[in-house]
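Here is a walk through a two-chain model, one piece at a time. Keep the structure open beside you as you read.

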Amino acid sequence: MKALKNYLNKIKPNFEEGGRLHWLSSTYDAFETFLFVPNTTSKTGVHIHDARDSKRTMSIVILALLPALLVGMYNVGLQHYMAIGREVTLLTSFLYGLIAMLPQIVVSYVVGLGIEFAVAQMKKEEVAEGFLVSGILIPMILPIDTPLWMVAVATAFSVIFAKEVFGGTGYNIFNVALIARAFLFFSYPSKMSGDQVWVRTADTFGMGRGTVIDGFSGATPLGQIATSEAGSFSEFTFHGITGDPLSISDMFFGFIPGSVGEVSTFAILLGALILIATGVGSWKTMLSVFIGGGVSILLVNAFAQNAIMEMPFYYHFLLGGFAFGAVFMATDPVTSARTEKGKWIFGFLIGLIAVAIRVFNPGYPEGMMLAILLMNAFAPLIDFFVIDANMKRRAKRLAA
Amino acid sequence: MANRITIKKGLRIPLLGECEETLRGTVTSELVRICPDDFQGITPRLAVRAGDTVKAGAPLFYEKNHPGMLFASPVSGVVTAIERGEKRRILYIEIKADQTTDYVDYGRKNVAALSGEEVKQSILDAGIWFLIGQRPYDVVAAPGKAPRDIFVTGFDTAPLAPDYDFVLQGQEADLQAGFDALAKLTAGKVYLSVSPKTTCKGLREAKNVVLTEFDGPHPAGNVGVQINHLRPVNRGETVWTLTALDVAIIGRLFNKGIVDLTRTVALTGSEVKQTGYWKMVIGTELKSLFLNNVTEGIPLRYISGNPLTGRRIDAEGVLRAGHSQVTVIPEGNDVHEAFGWASLSSRRYSAGCTYPTLKKAYRMDARLLGGPRAIIVSNEYDKVFPMDIYPEQLIKAIIAFNIDKMEALGIYEVAPEDFALCEFVDTSKLALQHIVRLGLDLLRKEME
């Protein structure tokens, strides 16, 4: 490590003001601070500082995302080999998922970080860490078969128009990863929904070549129930891609078609535990999303007219992006409500609206993305009312 | 029995270098330096010239807009230098101290027999008015405006802070005289806040005050937090603030007739070999205290005051006005820590749970431990800010300098020190105290 530090110190003058590579100073700084804790000391104010910084915070979020990512990768392979009717080991399934997923992650990071670095350089600022999380979230919430160029375009669009134009990390109004998804959803709906995109049937770099079995159906469980003709939930059964019925445990552990990150509620709960234990994610937001969803489901159940309206609450929580959105998207501190009271309202309304969209919107079976984006727009308003109450209290004290 | 208010929000930073409760002696130095910068919100005009002889208690300078507000010399001797900086701003006034201090005699006075106006004039004339602070703006109190109430804090919860019980031993009479004097200065009440652990009789049994116990972690001892819980400051109101240590100095003026700015100072910090209490006047050079008593071989940070709100000095520095603590910690600019973001090192301390807390006390240095960012994490400041105020929103209003918003969010109730813990825990490493100080100064200019 010492040799590396010495080397960094040696090349540093090149990147400083007047140096040959000054145009890369933000890049140099990003790598240097990635490798070594900056040893700048406080000039004004407190003389000691907490060890937690932005890098640590983002690292924890990525750590929390890992279980969902790994299980998701395994599931990509699992679904693929089921679709081509071949029995393989757990490791083979995982490897297939890994190599199918890697290009998407690489593209997302390269495009997003490329823009972040360039903008930081233009503004002569340090590179903010926000995209380290968004960059992994984007491939996790897209269908596995999304073409790489779409990942690139969507990432570029959302980083530039959802984040940098507002001033960068910490200033954005909408969740960057969800904007990337929404962009693709409205631009290329055929690649973002339906029953053709959730299971990768083609081989990946030659791995897992085969023909799809007869009777294959790649629809997600939520897609199945949304398009079902069944008059009541008891007449309806969820089925996997081979036509076999799906059990609750399949849905809980994530062996169903869907976006990579969202399938395993179990892995998402592990991530939630990490976020709550470290205090990085707000348990209030997470809990209130589930409460809001629960209330909404009970209301819908009470006036049920068809199968999806009758669907019990635990199916809603296990299927689609509900849990993933609650744990990783709604808790984004920048785009969520910032006051503690506001978080309860913010989360509650996300859950409420997500279920409403699921049940009442015939065109699209999932409502989590739109619910969160909608509430992102309302988060400042919620905070406004919470803070206004505090201001009014002060004004009242003055009048008394 | 005193009322008790329990503070839940806050943080006790487990810092190494707690002060041992032993009085180790008196520190004197040949040269004494007074920095007008230590007194917030005043524009100094010199009352002496280089070469003048002064007695302890005689004025060195006065406030430009209020010539009656004098600033006393802590020692007797000859003014040797007046150092000026940019735009002729006075950096410090240096006095060569006599071997034995010769005090100006202001005459013993029985506070009970004096009127409020006489008490005020006595304090102003003696040049120790600066001991009284004011909210709003956190500046030296404006003598012209009567305070609604006066708030005194009887304990310090800052990291490694001196124990007031220990420091105030034997000063019961001075304390009571001080409280009696303060009571004459306001038509309202004098509120004294103590910790549940406070045993000092001068505080526990003080008369003429409203006694309240504040229980909880830092910043329970901050007078701003106490005001917010007892009787918050509204727009247009003024309250005065002091520490019990300053009350004793005011009491001494009336009981002994002299200005004795001697403080009992705690020498603390992880890099101090032998911690303890020393008596000294403000402006005393500290180098004899540091000699052979601090870690050698690494860069050190010397702080007059506590590690949250203190002023950075150097090894040649002096005890700054208002401080009863000197702290020495490692500077840390020689440390190269690899992959801090992934570190599980037991040396790193975090108030949150993103690092394992493995030790009881930490040796912290002066590094920021991260780069400055926009405010990202929410509810971070609130957790260490026990007032009915939204700190993050107030900070943003100050940055935007939106006066209406600042007023509505409670700017008149806060001082930079109230944001010290927010600044400590801040993931985005922003200089919050600096932001608040600039905001308050600008606002004061705008309003007065």
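## Ground rules

Two strands count as paired here if DSSP finds at least two bridges between them. With that in hand, take strand 5 (residues 53–54) of chain B and strand 8 (residues 77–84) of chain B: they pair in the antiparallel sense over two bridges. Keep in mind throughout that this is a predicted model.

## Chain A: overall build

What is the secondary structure of chain A made of? It comes to 17 helices and zero strands.

## Chain A: a helix pair

Now zoom in on helix 3 (residues 54–83) and helix 5 (residues 130–141) of chain A. Their axes come within 10 Å and cross at roughly 15°. Angles under 35 degrees count as roughly parallel, and helix 3 and helix 5 of chain A are therefore roughly parallel to each other. The crossing of helix 3 of chain A with helix 5 of chain A is left-handed.

Which residues meet where helix 3 of chain A contacts helix 5 of chain A? Helix 3 of chain A brings A:Met58, A:Val61, A:Ile62, A:Leu65, A:Ala68, A:Leu69 and A:Gly72. Across from them, helix 5 of chain A supplies A:Leu132, A:Val133, A:Ile136 and A:Met140. By class, this contact has ten nonpolar residues, one polar residue and no charged ones.

## Chain B: a four-stranded sheet

Over in chain B, four strands form an open sheet in the order 3-9-8-5, with antiparallel pairing. Strand 3 (31–34) and strand 5 of chain B stand at the edges with a single partner strand each, so one side of each has no neighbour in the sheet.

B:Thr53 stands opposite B:Val78 in strand 8 of chain B, while B:Val54 has B:Gly77 as its bridge partner in strand 8 of chain B. Strand 8 of chain B also pairs with strand 9 (residues 90–97) of chain B, in the antiparallel sense and over seven bridges. B:Val78 turns up again in that pairing, standing opposite B:Lys96 in strand 9 of chain B. Strands 8 and 9 of chain B form a hairpin with five residues between them. In the turn of that hairpin, B:Lys87 has a positive phi of about 55°.

## Chain B: a three-stranded sheet

Another open sheet in chain B has three strands in the order 4-6-7, and its pairing is antiparallel. The edge strands are strand 4 (44–46) and strand 7 (66–72) of chain B, each pairing on one side only. From one strand to the next, the twist averages 40°.

How many bridges join strand 4 of chain B to strand 6 (residues 59–63) of chain B? There are three, and the two strands run antiparallel. As for who faces whom, B:Arg45 stands opposite B:Tyr62 in strand 6 of chain B.

Most residues other than glycine have a negative phi, and most peptide bonds are trans. Here are some exceptions. The peptide bond from B:Arg135 to B:Pro136 is cis, with omega near 0°. B:Pro136 lies in the loop between strand 10 (133–135) and strand 11 (139–140) of chain B. That loop between strands 10 and 11 of chain B also holds B:Tyr137, which has a positive phi of about 80° although it is not a glycine.

A cis peptide bond also joins B:His218 and B:Pro219, with omega at about 10°. Look for B:Pro219 in the loop between strand 14 (210–215) and helix 5 (223–230) of chain B.

## Where the chains meet

The contact takes 61 residues from chain B and 48 residues from chain A. On the chain B side, the elements giving two or more residues are strand 18 (300–304), helix 8 (391–400), helix 9 (403–409), helix 10 (420–425) and helix 11 (432–447). Which element of chain B gives the most to this side? Helix 10 of chain B does, with four residues. By class, the side of chain B that touches chain A has 30 nonpolar, 19 polar and twelve charged residues.

Notes: Residues numbered from 1 in each chain as written. Chains lettered and ligands numbered in written order. Predicted model: local features only at pLDDT ≥ 70, side-chain atom pairs only at ≥ 80, totals over all residues. Axes fitted to C-alpha atoms, helices over the stretch in contact; angles between N-to-C directions. Contact = placed C-beta atoms within 7 Å. Nonpolar A, V, L, I, M, F, W, Y, C, P; charged D, E, K, R; others polar. Parallel < 35°, antiparallel > 145°, perpendicular 65-115°, else oblique. Left-handed = near helix turned anticlockwise from the far one by under 90°.
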